Every structure is written in structure tokens, then in C-alpha cells.
Amino acid sequence: MPIYQQRGKLPRKRHVVFRQPDGSLYPEELVGNKGFTGPASLLYHLRQPTTVKAVKPLRDLQWEPDPDRTLRHRHFRSARLKTGPSPVLDRVPLLFNADVALSLVAPERADEFFYRNGQGDELVYVDHGDGVLESPFGRLAFGPGDYLVIPRGILHRYQLGRGPWRLLVIESAGYVRTPKRYRNEHGQLVEGAPFSERDIRAPQELETRDARGDFPIVVKSQNRLTEMVLAHHPCDVVGWDGYYYPWAFNIRDFEPLVGRIHLPPPVHQTFEGDGVVVCSFVPRPFDFDAEAVPAPYNHANVMSDEVLYYASSKFMSRKGIEQGSVTLHPDGLPHGPQPGKTEESIGAKWTDELAVMVDTFRPLAVARQALAVEDATYMASWLDGEER
Ligand SMILES: [Fe+2]
């Protein structure tokens with residue numbers, strides 16, 4: 001995120017002598033993406049970030065697709081998924097392709113280890129629960145409706161506050177960023193974008209942990225988890241500055257664009273990756289022309305698979321869904337409001353819907369684990385009584 005931040009103590013310039021009270025140097029570390037050319041931050045540690053005592057493989061992450069590839073609309077009741085207690089190890093795969101992977105976790109306790117995703121950016125939608133994302137950059141408090149953006153390579157850990165907790169994890173092979181059309185040539189969000197830098201929350205309280213011992217870190221790389229044991233607490237940073245850090249944006253800080261007649265889904269766009277966009281549907285007034293039809297028209301989403309995560313059980317064009325429902329409308333099949341929903345929307349003034357949409361440009365596979373909570377009747381939900 002191109003907003004420069006600095007926390008704690010920093011030397012006068014980069015890469016110059018910066019000494020601790022005992023006369024030793026503060027080890028300096030560059031954390032960023034794309035080698036030395038992407039966005040980055042410089043961190044100043046108490047100890048070398050390279051003191052690995054041991055490494056061991058934990059497990060391979062093979063996501064198995066549903067073998068039934070019959071093209072059809074799908075609906076998964078993800079709130080009914082049983083997941084394990086860890087926020088990062090017990091994520092249940094839902095949908096995936098080479099660009100993006102969606103999983104869900106309802107964690108029950110904080111991990112003792114730290115986690116680093118070395119192969120993708122993580123965009124985590126907090127459906128329920130609050131807590132603090134702990135990282136070498138400081139403490140980032142989160143709560144319901146927050147998107148947490150955790151760029152690749154950033155070590156972190158979820159401290160859980162008030163539960164229950166439910167996290168939708170969107171893992172992106174490309175960098176997660178604000179849509180290009182929202183930024184001017186200097187990187188600033190333009191007037192007219194549905195949010196501004198003021199809505200973006202960076203870590204605030206820098207905590208410098210001075211402790212030796214065995215500190216396990218689980219690293220995801222090459223679709224494999226590896227555990228490395230660091231010889232000291234990894235959050236031993238006394239200062240950092242730069243453009244690379246975890247940040248949060250709350251879905252309710254998205255300012256919806258509303259028109260006299262229906263505006264298409266791109267007006268709800270919040271993030272982009274490579275081959276994927278993420279949109280936020282938030283409470284808003286409906287289209288205000290006396291003859292407007294607020295429900296969306298049927299559309300053939302050619303060259304796009306559309307996924308909706310319903311953070312509320314209300315959605316103007318949909319029925320039969322519940323909070324936590326995930327629908328997949330794949331490329332090649334038209335979809336639209338279900339029977340009665342178009343008529344019902346005419347004259348309505350307001351919607352309370354809250355949903356996260358993930359549209360991919362390449363087809364998504366359904367993960368086998370999602371089948372346990374599939375509503376197999378969904379494909380037929382557009383038929384009215386007589387057609388059934
Ligand atoms: Fe759609």
C-alpha cells in the first residue's frame with residue numbers, strides 16, 4: 001500500500017551505523033516483494049533475523065478438486081463447516097485456481113507459533129470476532145467487517161479477543177492492491193474513489209520483544225509448510241519505515257456509489273490482484289429513479305467466475321442463502337435474481353446487504369472439503385413452482 005509509514009527509532013539514513021546502548025549494531029532487514037524493486041520496509045532488530053536453530057517439513061498442501069466438473073451454479077453453506085482451532089493451519093479449502101484460493105476458518109485459539117506466507121498475499125475478511133494481528137510492524141487491532149491485507153513474507157500471528165471467530169481467507173498469487181483506476185499517477189487514492197487513505201489502518205503500537213529461546217515459525221512456500229525455529233522472539237523490532245506492512249480496511253468504510261438506475265458490480269470494487277477482483281456490497285440506498293429496477297439484470301458473466309460470500313443473510317437478488325453462504329456462478333452460465341426478487345426490488349429504498357464478491361478471470365475448482373456443506377438444489381433455485 002503506497003502510504004509511507006514509520007514507527008519507533010530509526011537511524012538518520014538507510015544503511016548507516018545504528019547502535020544499540022551496548023554498542024552493537026541493530027541488524028537491519030529489508031522486507032518487501034519483487035526483490036529490491038517492489039514496495040518494501042526497512043526494519044531494525046535487536047538480533048539477527050537469520051538465527052534459525054532448526055528446520056523441519058510439516059506437510060504438503062495439496063488441494064483436491066471436486067471430481068464432478070459438471071458446469072452448474074453452486075452454493076456452499078460455509079458457516080456449517082467444521083474447522084480446527086488454528087487460524088492458519090486449519091483453514092478449509094473452498095475454491096481455487098492458479099491465481100487465487102479461498103478458504104474458511106473458524107479458529108478457537110491463538111497459535112503459539114508465528115506464520116509467514118512466502119508464496120502469496122493474504123486478504124482476510126473478518127466475518128466474526130475481534131483480536132489483534134501481531135507482527136514485527138506492531139499491533140493491528142481487527143474486528144468484524146475488516147479486511148486484513150497481509151502482503152507475502154510478513155510474519156504474523158492472530159491474537160484472538162472476543163469470539164466466535166470466522167475468517168474468509170483469500171490468498172492471491174498476484175499482489176493484493178487497490179484498483180489502479182482509484183489511484184493517480186503518484187499512487188494517491190483519487191477523489192471519487194470509494195475510500196481514502198484515511199480509512200486504511202496500519203499497525204500502531206510497536207512492541208519490541210527481547211527474548212531468547214525457541215520461537216517456531218511456520219512458513220508457507222511452494223505449497224508446502226515448513227517449520228523453522230528462530231533463536232529469539234521474531235518481534236524484536238525497535239523501528240521500521242517504508243511502504244510494506246499489514247493493514248486493515250473495514251467494509252463499512254467503503255462508500256457505496258449509487259445511481260439513478262442500476263450501476264454494475266465494478267462500482268463495488270475494493271481490491272484487485274492478478275486474475276481476480278474483490279468487491280464489497282454494503283448497505284446503501286437503492287437506485288432512485290421512480291421506474292428503476294434495483295435488482296441486477298440477468299447476466300452471462302463470460303470470462304469470469306463469480307463468487308459471493310454473504311456476510312449477512314440478506315441479499316437483494318438472492319433467496320435461500322444464509323450468513324456464510326458462498327455461491328459460485330461459473331463462466332458460461334447466465335445468472336440473475338431468483339423468482340420474485342426483481343419484482344420485489346421495485347420501489348424499495350434501501351438494502352442492508354453485506355457481501356464480499358470475488359470474481360476470477362480463470363475458472364475456479366471446487367475443493368473437495370466444500371462438498372460437505374453443498375446445497376445441491378441451488379442450480380434449480382431459479383425455477384418457479386410450475387417449472388419444478
Ligand atoms: Fe453476477
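A: What follows looks at the sheets, and then turns to the metal site. The model is a predicted one.

Begin with an open sheet of four strands, in which the pairing is antiparallel and the order reads β1-β17-β3-β2. The edges of this sheet are β1, residues 5-8, and β2, residues 28-32. Each of these edge strands has a single partner strand, so one side of each has no neighbour in the sheet. From one strand to the next, the twist averages 20 degrees. β1 and β17, the latter made of residues 237-242, run antiparallel and are joined by four bridges. Within this pairing, Q6 lies opposite D241 of β17.

Another open sheet has seven strands, also with antiparallel pairing, in the order β18-β12-β9-β14-β7-β6-β28. Here β18 (247-250) and β28 (365-366) are at the edges; each pairs with a single strand, so one side of each is left without a neighbour in the sheet. Further in, β6 (residues 92-96) and β7 (residues 100-105) run antiparallel, with four bridges between them. V92 has L104 in β7 as its bridge partner.

The metal site holds an iron ion, coordinated by H299 through NE2, E306 through OE and H335 through NE2, at 2.0 to 2.2 Å. Along the sequence, these donor residues follow the spacing H-x6-E-x28-H. E306 counts as buried because its relative accessibility is 10%, under the 20% cut-off. H299 has a relative accessible area of 22%, so H299 is partly exposed.

Conventions. Residues are numbered from 1 along each chain as its sequence is written. This is a predicted model: local features need pLDDT of at least 70, side-chain atom pairs count only at pLDDT 80 or more; totals for chains, interfaces and linings use all residues. Side-chain values use heavy atoms; hydrogens and water are left out. Donors are N, O and S atoms within 2.8 Å of the metal (3.2 Å for Na, K and Ca); water is not among the atoms, so sites may look incomplete. Buried means under 20% relative accessible area, exposed over 50%, partly exposed in between (1.4 Å probe, protein chains only). Two strands pair if DSSP finds at least two bridges between them. Helices (H or I, at least four residues) and strands (E, at least two) are DSSP runs, numbered from the N terminus. Axes are lines fitted to C-alpha atoms, for helices over the stretch in contact, and angles run from 0 to 180 degrees between N-to-C directions.
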